[in-house]
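Please examine the sequence and the three-dimensional structure shown here before reading the explanation.

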Amino acid sequence: MNAPYEAPAAADEPTPAASAPPGHQPGHDPGADPGPGPAGPESGAATDSGPDPESEHAWDSRRDLYRHSPGIMLGRSAQLGGSLVGGDQHGVSGGQVTGDVILGGSKVEYRLGGDDEERSGEIPAAEVEALARNFAFPSGGEDDDGALGDTWEPGSPFGLALARLKTHRVAVLSGPATTGRRAAALMLLRAVGSTAYRALDPALAPGRLAGEVRDGCGHLIDDFPTSAEQPLREHHLRALSEKLGAAGSHLVVVVGPHPVVHGGAGHIPWRPPEPAALLRSHLRHKDLAGHSIGTLLALPEVQAVLGHRRPVADLAAFADRIAAHAQGLLPLAGLAAYGHYAAERQVRAWFDGTEQTLHDKAFLIALATFNEAPYPLTAELSDVLFGLLQRIENPGEPARIPVFGTSSAQRVEHAQADRYLETEETEWGPVLQTKVQFRDPLTAITLLREVWTGHPSARPALVTWLRRLADDPRPVVRTRAASTAAVLAHADLPSAMALLIRPWVFEARLRARLAAANALALAHHLGTPHVPRILREWCTTNDHRLRRAAVRTYALVGDAFAAEAVEALLAAVRAMEARGGPVRTWPAELDELAQSAAAVLLAAGQNAGAWEAGGAAAELWPALVPLTSGGLARDFALRTVVHACGPVDGAGGRPLLLDLFGRAEATAGTPGALLRQSLAALWRMVLNDPLYSASGLAALRGWVRAAGSDPDAERALTELLPLLAVSVEDTKRLVYLLENLRGGADPAPPAVALRLRGALSPPPAP
């Protein structure tokens with residue numbers, strides 16, 4: 001196989017690479033026998049550099065890109081509104097925001113001097129009643145009219161905490177800061193009959209809490225820090241229970257999701273209700289202008305926001321927007337944009353505040369790059385980024401990375417992300433991995449854009465980090481470097497091109513050059529303007545490094561504009577002849593052009609109606625037939641056909657080109673029939689060309705073997721082979737192939753070969 005990207009030479013022309021059979025494609029053509037390739041005297045000549053040892057077929061590059069890219073990169077949601085994503089600015093929309101708005105970890109204040117300051121403060125009862133008005137009890141059920149009831153189930157988190165509070169007068173409620181845990185604590189105090197409320201200072205030592213208890217009050221201590229060095233022990237809780245009983249009071253201690261609480265009492269994890277239940281609780285007392293809550297919640301724009309867990313404060317603010325829409329004050333676009341606005345607000349809170357350390361922020365950036373990837377990979381590479389950021393922030397101080405610092409569970413929780421197990425395909429087979437992803441799928445893209453455009457001082461470290469990732473031996477790491485560069489290009493195309501993509505294009509190593517192509521392809525998926533224009537200009541430029549980057553990018557994304565991509569690749573073929581230069585370099589470059597054209601045509605043909613009128617496959621494959629009249633265009637067309645024979649649908653699956661032929665309609669006069677005739681005509685030219693016949697026959701052998709376990713593939717071959725047997729010589733060649741095909745150790749031909757032999761009429765007498 002030709003080297004897809006030859007090593008760059010000092011001049012503008014590439015170093016010549018040896019040519020190998022285009023039909024010999026490891027991993028694409030199972031069982032195919034290697035045959036002589038389309039070689040002229042120059043194509044097999046040895047060179048100083050030789051073929052690129054890192055060569056990768058265009059279809060393999062496309063497969064790896066789609067396998068390792070984060071899901072949102074290839075969907076429309078990445079292109080929708082929001083000030084950082086779509087370019088529209090959105091302000092905070094009105095109303096009261098209820099629930100917690102604390103983002104990040106706990107903050108401990110150390111006080112020096114006397115201890116005569118007040119360590120508690122009153123919480124107005126009116127504030128608690130306002131919270132109760134919109135509070136939703138988890139698993140509390142609904143009334144007959146669909147409204148949420150003011151009850152709770154005994155086994156729910158609220159019911160368990162309430163039972164503990166009634167029995168011991170003190171309860172420890174644990175959970176993330178974004179789950180409305182503070183509001184739940186106040187509702188617990190209200191449920192046990194408290195009418196006066198006080199907030200205690202969370203900086204108090206555990207042994208001093210009992211001294212702050214007042215008579216006849218419900219006490220709340222929010223965001224109380226616990227650690228191995230300062231745990232909440234059993235004797236602390238018993239002393240509090242004794243003091244609270246004597247004072248006729250109650251206390252709820254709110255801690256993080258991973259507290260250190262010793263003793264039998266322990267802590268009760270808080271889980272908020274489902275997002276739809278929370279929205280119902282906030283909408284039931286709002287003016288909805290006659291609209292029912294069920295109708296409003298059924299809106300697609302609302303369902304998109306409810307598709308995953310969100311902070312309680314975000315849902316409360318979203319309820320205000322829904323009410324504004326019901327009153328005619330906010331269009332549907334305003335509801336649709338809320339997801340981007342919420343993600344933007346969260347990201348800015350992380351990076352504009354002081355709660356997160358530089359180490360935490362490096363982890364957030366790494367998680368945005370490796371969203372939906374294995375956690376150990378994310379943590380490992382976030383430490384590399386932290387070292388680079390540390391050099392900028394404190395050049396004279398070496399980066400101190402805690403080997404056993406914050407637990408993975410806490411890091412993931414602070415990032416508002418989730419861990420989950422998922423099987424990942426590797427070159428050795430499927431492997432079960434622990435992966436991490438943000439709860440809000442918009443967070444990753446929003447975070448990367450904010451860091452790139454809002455914090456330019458981080459750019460040198462980010463650029464160095466991404467260049468290292470692009471040279472990593474692991475495909476997922478290289479692909480994520482490219483996907484991150486695509487997000488940055490969408491945010492600031494000139495800077496991303498100058499600092500990342502063009503330097504990758506001019507790298508000698510294939511890994512970096514593939515990163516440039518992947519970045520451009522994913523940037524186009526994100527809606528970045530001018531990518532097709534960049535590719536058209538690069539495809540015919542005199543600089544071979546830009547040409548090969550454009551050609552490989554067409555293989556990755558060309559099916560999005562298939563006709564334009566094939567025309568650009570043809571223009572590059574014509575430019576080769578016009579440009580002249582050493583003929584010995586043409587086979588390698590021509591082979592790369594053909595690989596990309598084959599990838600574009602195969603990808604365009606995978607759509608359900610690709611062979612129907614107006615389908616890309618129905619128009620583009622027939623357009624190759626006139627090109628076979630002669631010249632480099634003929635070589636390009638025939639190489640394209642041979643390269644298209646190899647890729648299959650999954651491991652050991654059906655060849656994609658054969659599948660396209662089998663799906664096309666056979667009725668005469670239809671676009672499907674024209675497609676079939678064109679594919680058969682191209683196949684006949686390949687089999688009758690002395691430079692390509694061996695590669696074509698090898699590919700055909702692989703098709704026959706694949707049909708042995710695939711009835712649909714066998715049916716398609718049964719219909720294709722008679723179209724290839726036009727002349728006596730055609731028939732003899734195919735009959736010989738089928739009768740002499742061997743399957744493994746069996747000396748006899750496979751049964752499928754004998755059945756297909758019956759589809760060919762016996763050769764007539766001379």
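The model is predicted: local features need pLDDT of at least 70, side-chain atom pairs count only at pLDDT 80 or more, and totals for chains, interfaces and linings use all residues. Residues are numbered from 1 along each chain as its sequence is written, and side-chain values use heavy atoms, with hydrogens and water left out.

Helix 6 comprises residues 275-283, and seven of its nine residues are buried. Helices here are DSSP runs of H or I with at least four residues, numbered from the N terminus. Buried means under 20% relative accessible area, computed with a 1.4 Å probe on protein chains only. The buried residues are Pro 275, Ala 277, Leu 278, Leu 279, Ser 281, His 282 and Leu 283. They pack against helix 2 (125-134), helix 7 (293-297), helix 8 (300-305) and helix 9 (312-326).

Helix 6 also takes part in the lining of the second largest pocket, to which helix 6, helix 9 and helix 11 (338-352) each supply at least two residues. A pocket is an open set of points on a 1 Å grid over the protein atoms alone, where a 1.4 Å probe fits, with protein on both sides within 12 Å along at least five of seven lines; lining residues have an atom within 4 Å of a point. This pocket holds about 690 Å³ of space. Of its 41 lining residues, Thr 179, Arg 271, Pro 272, Pro 273 and Arg 309 are the closest to its centre. Helix 11 provides the largest share of the lining, four residues. By class, the lining has 20 nonpolar, twelve polar and nine charged residues.

Contact means heavy atoms within 4.5 Å.

Finally, Leu 737 lies in helix 30 (residues 728-739). Is Leu 737 buried or exposed? Leu 737 is buried, because its relative accessible area is 6%. Apart from neighbours within four places in sequence, Leu 737 is in contact with Leu 697, Leu 700 and Arg 701. Leu 737 and Leu 700 are 37 residues apart along the chain, and their C-alpha atoms are separated by 8.8 Å.

Conventions: Buried means under 20% relative accessible area, exposed over 50%, partly exposed in between (1.4 Å probe, protein chains only). Grid points are joined across faces, edges and corners, and a volume is the space filled by probe spheres set on the points. Ala, Val, Leu, Ile, Met, Phe, Trp, Tyr, Cys and Pro count as nonpolar, Asp, Glu, Lys and Arg as charged, and the others, Gly among them, as polar.
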